[in-house]
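Open the model in your viewer and keep the sequence panel beside it. This tour goes stop by stop: what to select, then what is there.

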Amino acid sequence: MWTVLGAIACLFCTRVDLRRMRSLSMPLLVVTVFLLVVVLAPGIGRSAGGSSRWIGAGPIRVQPSELAKWAVVFYLSWWLTSRPVNLDKFSMFLFTLIPIGALCLLTVIQDIGTAALVAVCAMTMLVMGRVKWWHLLVVIPPALAAGLWFVMEKEYSWRRMTASSSRRRMAWWM
């Protein structure tokens, strides 16, 4: 079923005009941020595995953090191509990171792995968009420190990260 849906989605994307997809980048970003906030609301977000990640309506469940992956790609594609963004200035680089930071902060509350993936994807796109390396070197250490704090803050995440440090479990992995 998912293969068929993926094939239909690919066919649809090849038929859509690129300018139309650009116009969807900001609405997609806003909807994603909204859904990431809604999933945190008590009674709306569904918990699984110790984390509230899902929005459910009957048999259908949606994980807004998955939408964040698409939102960051659409947003940065639009941002880096549709306007003359001067990423040589550190202030403009930080301005570019505000929506990405918001997505990552809202995502890391629910799903640390997806937040890390969104951040790495954004940084890769920014490198391809000719951002200066020293800009990244200034931003990456605080981002890594925040990520480590979030991992240590959630007991289940810390257990997952340190599980391979146990010799007995390490033997199981090998």
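Is Arg130 buried or exposed? Select Arg130: at 69% relative accessibility, this residue counts as exposed. Here buried means under 20% relative accessible area, exposed over 50%, and partly exposed in between, with a 1.4 Å probe and protein chains only. Arg130 sits in the loop between H6 and H7. Check its backbone too: phi of Arg130 is near 70°, a positive value in a residue other than glycine.

Some ground rules before moving on. This is a predicted model, in which local features need pLDDT of at least 70 and side-chain atom pairs count only at pLDDT 80 or more, while totals for chains, interfaces and linings use all residues. Residues are numbered from 1 along each chain as its sequence is written, and side-chain values use heavy atoms, with hydrogens and water left out.

**Stop: the largest pocket**

Select Ala115, Ala116, Ala119, Ala143 and Gly147. Of the 30 residues that line the largest pocket, these lie nearest its centre. Now show helix H5 (90–108), helix H6 (112–128), helix H7 (133–153) and helix H8 (155–162); these are the elements that give two or more residues to the lining. H7 gives the largest share, 10 residues. The space in this pocket is about 860 Å³.

How was it found? The search uses a 1 Å grid over the protein atoms alone. A cavity is a set of points where a 1.4 Å probe fits but cannot get out; a pocket is an open set with protein on both sides within 12 Å along at least five of seven lines. Lining residues have an atom within 4 Å of a point. Grid points are joined across faces, edges and corners, and a volume is the space filled by probe spheres set on the points.

Colour the lining by class: 22 nonpolar, 5 polar and 3 charged residues. Ala, Val, Leu, Ile, Met, Phe, Trp, Tyr, Cys and Pro count as nonpolar, Asp, Glu, Lys and Arg as charged, and the others, Gly among them, as polar.

**Stop: the second largest pocket**

This pocket holds about 470 Å³ of space. Select Ala9, Cys13, Leu28, Leu67 and Trp70, the closest to its centre among 16 lining residues. Helix H1 (2–15), helix H2 (18–23), strand S3 (60–62) and helix H4 (64–82) each give two or more residues to this lining. By class, the lining divides into 12 nonpolar, 1 polar and 3 charged.

Go to Thr32 in helix H3 (residues 25–38). Thr32 is buried, at 0% relative accessibility. Show its contacts (heavy atoms within 4.5 Å). Leaving out residues up to four places away in sequence, Thr32 touches Pro64, Leu67, Ala68, Ala71 and Leu103.

Next, select Ser65 in helix H4. Ser65 is also buried, with a relative accessible area of 0%. With residues up to four places away in sequence not counted, Ser65 touches Leu36, Thr107, Gln110, Asp111 and Thr114.

**Stop: aromatic pairs**

Rings of Phe, Tyr and Trp (its six-membered ring) pair if their centres lie within 6.5 Å; planes under 30 degrees apart count as stacked, over 60 as edge-to-face and the rest as tilted. The count is 7 aromatic pairs.

Select Phe90 and Trp134. Their ring centres are 5.5 Å apart and their planes at 20°, so the pair is stacked. Phe90 lies in helix H5 and Trp134 in helix H7, so the pair ties together parts that are 44 residues apart in sequence. Phe90 is partly exposed at 25%, and Trp134 is partly exposed at 47%.

Move to Trp149 and Phe150. This pair is edge-to-face, 5.0 Å centre to centre with 80° between the planes. Trp149 is partly exposed at 48%, whereas Phe150 is buried at 16%. Then select Tyr75, Trp78, Trp79 and Phe95, which ring pairs link into a cluster.

**Last stop: the cysteines**

How many disulfides (cysteine sulfur atoms within 2.5 Å) are there? The count is 0. Cys10 is in no disulfide; the nearest cysteine sulfur, that of Cys13, is 6.7 Å away. Cys10 is exposed, at 51%. Finish at Cys104: its sulfur is 9.8 Å from the closest cysteine sulfur, in Cys121, too far for a bond. Cys104 is buried, at 15% relative accessibility.

Methods. Helix = DSSP H or I, 4+ residues; strand = E, 2+ residues; numbered from the N terminus. Disulfide = S-S within 2.5 Å.
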